[in-house]
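Subject: Handover of a structure and its findings

Dear colleague,

Please find the structure below, together with an account of what was found in it. I would be grateful if you read the text with the structure open beside it.

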Amino acid sequence: MLLLENIHTVAVDNLEKAGFEVELLSHSLSEDELVAKLPGVALLGIRSNTHITERVLDAATDLKAIGCFCIGTNQVDLTAAAERGIAVFNAPFSNTRSVVELVIAEIISLARRLPEKTQRMHDGIWDKSAKGSHEVRGRTLGIVGYGNIGTQLSNLAEALGLYVIFYDIADRLAHGNARRMPSLDALLEEADVVSLHVDGRPGNAGIFGAEQFAKMKPRSLFINASRGMVVDNEALREHILSGHIAGAALDVFPIEPKAQGDPFESPLRGLDNVILTPHVGGSTQEAQEEIGYFVSTKLKNFAQEGSTALSVNLPAVQPPPLTEGGRLGFLHVNVPGVLAEVNNLLATEGANVTGQYLATHGELGYVVTDVSAPVSPETLDKLASSPHTKWLRPYTA
Ligand SMILES: NC(=O)c1ccc[n+]([C@@H]2O[C@H](COP(=O)([O-])OP(=O)(O)OC[C@H]3O[C@@H](n4cnc5c(N)ncnc54)[C@H](O)[C@@H]3O)[C@@H](O)[C@H]2O)c1
């Protein structure tokens, strides 16, 4: 197992305890370096700076899985990995709490106009006044997008004494005393603070613009820590300058600088009571640790028990922990009749199937079969030589 880019040591501990031999490097590797380094590596851990191209995958003849110890997976050629039967995992939810805590901090900061106040102090001006400063208890928070982050925000906000309303296009169960709103417009009519937590589906581009800001309550607050492309920041600027929106916090932007130290341009720069942060909602030490544990567990469960749960490119199958007998993981081309082929061979051997779990994903199918005793090498050979086989792996308890 090779871990690059200073992945949290909790991942090393987790994998070493499970019996893996782990090499940890603090930096990323170039394409040429990966090509030279990867033969002999079964599991690879990367973050966003290591690019896994088709050429790298061709050279990585022993590679079984890649763990992206981050949220995004754009740095990996997912299709090429799937074609080679290499599973890719990531950590889509490990930084949920970090985002929620930032948003809670922003709600209070904006309600107290802290950005403005701290700026004046830094400018050497003592300006003590309660004007425009409010407590948040008793105010109404409108959450747009009630998924992992939206629901957790809902719970923390209620604990602070806010009333919570939410709008989601999917049918989501209300947490605590939160109220589901029938439409975005209905939410905008009631909310003192609007916080966006929608996902990045293409249809969400520009869903929040001049029309939506105009429908928000006068002197309400606006927060976006979801996706930059969702909001028209020019329209937000106009509504802040007119005083209709009393403050805003933005963590994500339609165009974000690529590298550390790059200049940042936005129509929201220089406005009063506007918090701008460089996409750090999920960036905490705790989230890094959680990501380290989450992704290393996914890799471990894949390598030792054949679980592809939450894989982003292979059919996702989550079999129960393997406590007795044997297991066969069979990744194959998704054509009719493969399951019958597996079961006929096992029946011929007289194997007692105790559980079977399967899923398909595009061109691929994956079936995990639990048997009361390990399957004979002859049967394994027959299955492995099927023209539809991508790989066949036996596991034992
Ligand atoms: N700022 C950061 O650093 C940071 C960190 C993590 C996640 N995020 C972003 O936060 C967002 C939410 O993350 P999550 O894990 O809660 O996602 P999620 O998929 O769990 O939840 C998204 C919710 O939004 C709903 N939704 C989608 N489009 C909608 C629309 N137009 N109107 C109303 N509801 C809509 C979905 O039905 C879903 O319930 C994502 O865009 C994610 O990329 C940002």
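**Surroundings of the ligand**

The shell around the ligand consists of 10 nonpolar, 10 polar and 6 charged residues. In this division, Ala, Val, Leu, Ile, Met, Phe, Trp, Tyr, Cys and Pro count as nonpolar, Asp, Glu, Lys and Arg as charged, and the others, Gly among them, as polar. Please note that this is a predicted model, in which local features need pLDDT of at least 70 and side-chain atom pairs count only at pLDDT 80 or more, while totals for chains, interfaces and linings use all residues. Residues are numbered from 1 along each chain as its sequence is written, and side-chain values use heavy atoms, with hydrogens and water left out.

Which of the 26 residues around the ligand come nearest? They are Asn148, Ile149, Asp168, Val198 and Arg227; a residue is near a molecule or strand if one of its heavy atoms lies within 4 Å of it. Polar contacts are pairs of N or O atoms within 3.5 Å; within protein, one must be able to donate a hydrogen and the other to accept it, and residues adjacent in sequence count only if both atoms are side-chain atoms. A polar backbone atom of Ile149 is 2.8 Å from an oxygen atom of the ligand. For Val198, a backbone N or O atom lies 2.7 Å from a ligand oxygen atom, and for Gly281 the corresponding distance is 3.4 Å. The ligand taken alone exposes 870 Å², of which the protein buries 87%. Accessible areas come from the Shrake-Rupley method with a 1.4 Å probe; for residues, only the protein chains shown count as cover.

**The chain as a whole**

The chain has 13 helices and 16 strands. Helices (H or I, at least four residues) and strands (E, at least two) are DSSP runs, numbered from the N terminus. Along the principal axes, the C-alpha atoms fill a box of roughly 80 × 45 × 35 Å. Of the 397 residues, 48% count as buried. Buried means under 20% relative accessible area, exposed over 50%, and partly exposed in between (1.4 Å probe, protein chains only). The chain exposes about 19,300 Å², and carbon and sulfur atoms supply 50% of this area. Among contacts (heavy atoms within 4.5 Å) with a separation of 6 or more, 62% join residues 24 or more positions apart.

**Nonpolar cores**

A nonpolar core is a set of buried Ala, Val, Leu, Ile, Met, Phe, Trp, Tyr and Cys residues joined through side-chain atoms within 4.5 Å. The largest one has 30 residues, and Leu3, Phe69 and Leu299 have the most contacts inside it. At least two residues of this core come from each of α1 (9-17), β5 (87-89), α11 (285-305), β15 (364-371) and β16 (389-396). The largest share, 5 residues, is supplied by α11. Another core, of 28 residues, lies apart from it and includes Leu184, Leu236, Leu250 and Leu268.

**Individual residues**

Is Asn224 buried or exposed? Asn224 is buried, because its relative accessible area is 1%. This residue lies in strand β10 (residues 220-224). A polar atom of the Asn224 side chain is 3.1 Å from the backbone oxygen of Arg227. Not counting residues up to four places away in sequence, Asn224 touches Leu196, Val231, Ala249, Leu250, Asp251 and Val252.

Ala178 is in the loop between β7 (163-167) and β8 (179-180). With a relative accessible area of 9%, Ala178 is buried.

Arg113 is in the loop between α5 (96-111) and α6 (114-122), and His279 in the loop between β12 (274-276) and α11. Arg113 counts as buried, at 12% relative accessibility, whereas His279 counts as partly exposed, at 42%.

Ser372 is in the loop between β15 and α13 (377-384). Leaving aside neighbours within four places in sequence, Ser372 is in contact with Gly325, Gly326, Asn352 and Thr354.

Yours sincerely
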